[in-house]
Every structure is written in structure tokens, then in C-alpha cells.
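User: I'm new to this one. Can you put it up and walk me through a few spots?

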Amino acid sequence: MAAYTTIDDPTAFFQIELYTGTGSSNARTFDSDTNLDLSSGGVVWIKSRSDTEYHRLYDTVRGVHKEIYTNASLAEGTNTNSLTAFGSDGFTVGSETGVNANTETHVAWCWKESATAGFDIVSYTGNSTNRTISHNLSAVPKMMIVRNLQGGYNWIVYHVGNGATKYMYLDTDASVYTGSGYFNDTAPTSSVFTVGTDAQVNTTSATIMAYVFADVQGFSKFGTYTGNGNADGPMIFLGFRPAWIMVRDTGNAASWMIMDNKRSGYNPTNNRLYANTQGSEESAVDRFDILSNGFKIRTTDADTNKSGDLFIYAAFAEAPFVNSNGVPCNAR
């Protein structure tokens with residue numbers, strides 16, 4: 001039997017940590033049997049579940065204390081009380097309320113940088129000229145999130161479902177835009193991606209970060225589906241049981257909705273956060289069923305299932321549908 005995955009244990013590359021804040025130094029160790037070593041390269045994205053705090057994103061290229069906010073166009077901040085260490089199997093946060101307010105609940109989504117897992121962290125200096133930027137995936141990126149670290153700039157999203165002539169803002173609810181200034185109407189390749197002259201992605205002398213993702217069979221997938229407006233919504237085949245899903249309507253003003261397998265812990269999963277807002281966690285209506293091989297929409301709500309609209313998604317695995325030994329996983 002052909003292998004359904006190249007990664008039998010997704011927790012070596014992606015894990016979710018739920019924790020309650022202490023208001024003082026708080027070392028978090030992942031609960032999986034497998035270590036997720038962030039110290040050698042990775043990203044930690046933290047959001048308070050119980051309060052209206054900003055999303056805070058940290059990576060090993062910029063280093064500890066350096067935070068950017070997915071729901072805002074603020075400049076990169078330096079905060080010695082925020083994330084204070086990337087660990088060999090976890091991370092440590094300080095007293096900053098956005099990541100560790102006493103008694104508040106938080107979630108951390110954590111990725112290890114690895115070509116095997118289709119994730120590269122790229123930093124480059126802008127020059128306001130159409131150009132290519134190298135990446136280390138040896139695979140064609142399917143999603144890229146680009147952020148000029150100066151203030152007043154949006155988070156720019158390339159997604160294969162929109163193509164290289166279009167772009168979206170992660171930090172707003174605006175619908176998809178068309179323009180050549182961002183990706184120069186050029187699709188990425190297995191070695192480079194292209195940026196245009198727009199200041200959002202290429203300001204002269206500015207430091208710009210790009211989080212670059214490729215599909216990896218059995219671990220990550222970036223695609224599209226069309227809404228049907230029915231509670232018996234589309235089933236999206238991924239080839240794995242997802243741990244994390246982000247969905248966005250491309251045709252209308254809408255938020256970037258994030259669901260995961262831990263915050264609800266059951267089907268239908270309905271605990272939602274939005275990458276573009278600082279709002280606390282919501283659980284008003286049923287959203288998705290998490291399946292052994294993908295996810296199914298269980299709502300008529302327009303933010304995930306407006307009839308006829310094209311939705312893009314990004315998803316990462318909890319377990320492959322069938323591992324390299326031919327053993328299938330179960331639904332939850």
C-alpha cells in the first residue's frame with residue numbers, strides 16, 4: 001500500500017497548548033509524548049481565550065520579546081515580559097497580560113520550522129523593486145503571510161486559491177483584492193517567491209517577515225471550497241484528521257475564523273477565534289465536525305458557508321488519515 005503521509009507524527013511539527021495564566025513566569029511543556037523543539041526554529045502564536053487581548057506572534061528569527069499582532073497594523077513591539085524562551089519541548093511566558101494574565105485562559109498554536117513539514121520563516125530587507133526572495137521548502141508554497149515590521153502596514157496573504165494576481169489582509173475583514181504590486185502577478189516556485197514594489201511587502205530598508213507554507217501529504221493542506229448555505233455543509237477532504245483550521249470567505253467582508261481540536265474537544269466543534277480581531281473566544285453555534293480525513297461544515301452562517309461563495313482554508317494535522325504503515329486513524 002502506498003504511504004498516505006510523509007509525517008506519521010504531526011506533533012513533532014505542530015502542537016496546541018491550552019493554559020491558564022499565572023501572572024508570573026510560566027513555563028509551558030507540551031502534553032504530547034513527542035517533543036516539539038521550538039528552540040531550533042519555530043513560531044508561537046498566542047491568544048487570550050477569555051479576554052479581548054491582541055493576538056501575539058513570536059518567531060525564532062526575530063527572537064524572544066519581539067511580538068507582532070495579527071489583528072493590528074502596529075509596528076513590531078519589544079516586551080521583555082511576553083514570550084521569554086523558546087524551549088526544546090515548549091515555551092515560557094512572562095507577566096504580560098496578553099499572554100499570561102492571572103486566571104485567564106489562553107491558547108498557543110506552535111509550528112516548528114522545517115522543510116519536511118513545509119514551513120519556512122523568511123526575513124528580507126525591502127528595496128522597492130520587483131524581485132524574487134529565496135525560501136528553503138524545495139516545494140511550491142501554497143500560502144504565504146507577509147508582514148512589514150514597521151507600523152501602519154497590513155498583513156498580506158497569498159493563497160493558492162486566490163492566485164498570484166490577488167491578495168488579502170489577515171488583519172482586516174476586507175474581501176480579496178487584485179493588484180500586481182504585491183506578488184508581481186507571479187506564482188511562487190519551489191525555490192523563490194516574487195514580491196512587487198508595494199510598500200506593504202517591499203519598503204526600502206524595511207525588515208519584512210514572510211511565513212511560507214507548502215502542502216505536505218498527511219500533515220498540511222491549503223485549498224478552497226464553495227459554500228452551500230446549508231447546515232449539511234460541504235465536506236472538505238484533507239487526507240488527515242485536522243488539529244487546526246483557518247477559514248476565510250474570499251468574496252465578502254468576513255473574518256479569518258480559527259478552529260482547533262483542543263478548545264472544544266468534541267464534535268461539532270464550535271469554539272472560534274478570529275485572527276483579525278482581539279475578541280475573546282466565542283461558541284455561539286455549531287461550526288465543524290472534525291473527521292478522520294478532513295472536516296465538514298455544520299452551519300448556515302455566512303462566515304464559513306455562504307451559498308455560492310468561494311472560501312480558502314489552511315489546515316494542519318493531528319493525525320494522518322493513513323500512516324506510512326497503512327494504519328488508519330479514527331474520527332474523534
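Predicted model: local features only at pLDDT ≥ 70, side-chain atom pairs only at ≥ 80, totals over all residues.

User: Which side chain of opposite charge is nearest to aspartate 89, and how far away?
Analyst: Lysine 262, 10 Å away. Residues are numbered from 1 along each chain as its sequence is written, and side-chain values use heavy atoms, with hydrogens and water left out.

User: Where is aspartate 89 in the chain?
Analyst: In the loop between strands S7 (83-86) and S8 (90-93). Strands are DSSP runs of E, at least two residues, numbered from the N terminus.

User: New topic. How many aromatic pairs are there?
Analyst: The structure has 29. Rings of Phe, Tyr and Trp (its six-membered ring) pair if their centres lie within 6.5 Å; planes under 30 degrees apart are stacked, over 60 edge-to-face, the rest tilted. Tyrosine 167 and tyrosine 177 are stacked, at 5.4 Å centre to centre and 15 degrees between the planes.

User: Which strands hold those two tyrosines?
Analyst: Tyrosine 167 is in S14 (residues 166-169), tyrosine 177 in S15 (residues 177-178).

User: Why is the pair of phenylalanine 213 and phenylalanine 222 called tilted?
Analyst: Because their planes sit at 40 degrees, with ring centres 5.9 Å apart. Both phenylalanine 213 and phenylalanine 222 are buried.

Terms used:
Helix = DSSP H or I, 4+ residues; strand = E, 2+ residues; numbered from the N terminus. Buried < 20%, exposed > 50% of the residue type's maximum accessible area, 1.4 Å probe, protein only. Lys, Arg positive; Asp, Glu negative; His and termini not counted. Salt bridge = Lys/Arg side-chain N within 4 Å of Asp/Glu carboxyl O.
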